[in-house]
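Please look at the chain shown here and follow its strands, sheets and core in turn.

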Amino acid sequence: DTVVVTFAGSAPGFHEQDLIVSSDDPNSPTLAVPITLTINGAAVTPTPTQLAHTVAAGTSIPADELTIANTGVAPLHYTLTESVPWLDLDKTTGTVAPGENDVVLVQFDGDTGPGNYATDISLASDDPVTPTILLPAALILAGGHLALDPGTIAFGSLAVGRSLHRNLVITNTGNEQLTVSAVTVDLPFSI
């Protein structure tokens with residue numbers, strides 16, 4: 001008889017085990033056949049797996065180090081993407097040799113207006129097991145932030161002797177208290 005042995009895993013590296021054949025043979029009731037296989041592949045391991053800062057708005061934030069490690073047995077090719085204005089990466093592509101790592105500097109912008117910001121940094125690679133990893137990035141900038149709506153007050157045309165009213169909504173879109181100290185306008189307008 002013939003037995004077909006199939007490998008169904010996909011993890012890079014060296015795989016080894018014994019195939020055991022049992023029978024009623026009185027001299028050799030059990031025989032072992034060593035099985036070995038090496039899968040050439042990269043294996044990506046990012047550290048840390050998430051980045052976050054909570055600071056006062058306008059604060060300078062030191063860059064974070066994102067380490068891209070290759071624990072596989074083949075070169076790792078990676079691409080990082082993000083699409084928000086408050087986060088920058090010093091590089092977005094790289095190649096990492098087996099057993100080595102690459103460091104990417106991640107810079108958060110503390111001069112963004114107060115508020116809570118969140119995104120994912122996408123790490124795509126030729127790792128056959130995890131080709132895409134999403135790394136959460138969060139930024140909380142404390143402070144009040146004045147917002148006016150509408151941005152322009154247009155009265156249009158008006159006949160002499162008539163008056164019109166328009167509303168201006170004053171809002172704090174920040175995450176801390178904001179005090180409005182005055183609202184003023186010159187004649188012929190009034191509040």
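An open sheet of 4 strands runs in the order E3-E5-E9-E7, and its pairing is antiparallel. Strands here are DSSP runs (E, at least two residues) and helices are likewise DSSP runs (H or I, at least four residues), numbered from the N terminus; two strands pair if DSSP finds at least two bridges between them. Strand E3 (44-47) and E7 each have a single partner strand and stand at the edges, so one side of each lacks a neighbour in the sheet. From one strand to the next, the twist averages 25°; the axes behind this angle are lines fitted to C-alpha atoms (for helices, over the stretch in contact), and angles between N-to-C directions run from 0 to 180 degrees. E3 and E5 are joined by 4 bridges in the antiparallel sense. Thr-47 has Thr-67 of E5 as its bridge partner.

The model is predicted: local features need pLDDT of at least 70, side-chain atom pairs count only at pLDDT 80 or more, and totals for chains, interfaces and linings use all residues. Residues are numbered from 1 along each chain as its sequence is written, and side-chain values use heavy atoms, with hydrogens and water left out.

A further open sheet has 5 strands in the order E4-E11-E10-E6-E8, with mixed pairing. Its edges are strand E4 (51-56) and strand E8 (93-96), each with a single partner strand, so one side of each is without a neighbour in the sheet. Here the twist averages 20° from one strand to the next. E4 pairs with E11 in the parallel sense, over 6 bridges. The bridge partner of Ala-56 in E11 is Ala-142.

Next comes the nonpolar core. Such a core is a set of buried Ala, Val, Leu, Ile, Met, Phe, Trp, Tyr and Cys residues joined through side-chain atoms within 4.5 Å. Buried means under 20% relative accessible area, exposed over 50%, and partly exposed in between (1.4 Å probe, protein chains only). The largest nonpolar core has 24 residues, of which Ile-68, Leu-80, Leu-87, Val-106, Phe-108, Ile-121 and Leu-123 touch the most other members. Two or more residues each come from strands E5 (64-70), E6 (76-81), E7 (87-89), E9 (101-108), E10 (115-125) and E11 (132-142). E11 gives the largest share, 5 residues. Leaving aside neighbours within four places in sequence, the contacts of Val-106 (heavy atoms within 4.5 Å) include Leu-51, Ala-63, Leu-66, Leu-87, Leu-89 and Ile-121, and also Asp-64 and Asp-88.

What does the chain look like as a whole? It has 13 strands and 0 helices. Its radius of gyration, taken over C-alpha atoms, is 31 Å, whereas a compact globule of 191 residues would have one near 16 Å; the globule rule is 2.2 Å times the number of residues to the power 0.38. Along the principal axes, the C-alpha atoms fill a box of roughly 115 × 35 × 25 Å. Of the 191 residues, 25% are buried. Among contacts with a separation of 6 or more, 60% are between residues 24 or more positions apart.

Ala-154 lies in the loop between strand E12 (146-149) and strand E13 (169-172). Is Ala-154 buried or exposed? With a relative accessible area of 56%, Ala-154 is exposed. Its C-alpha atom is separated by 67 Å from that of Val-73, 81 residues apart along the chain.
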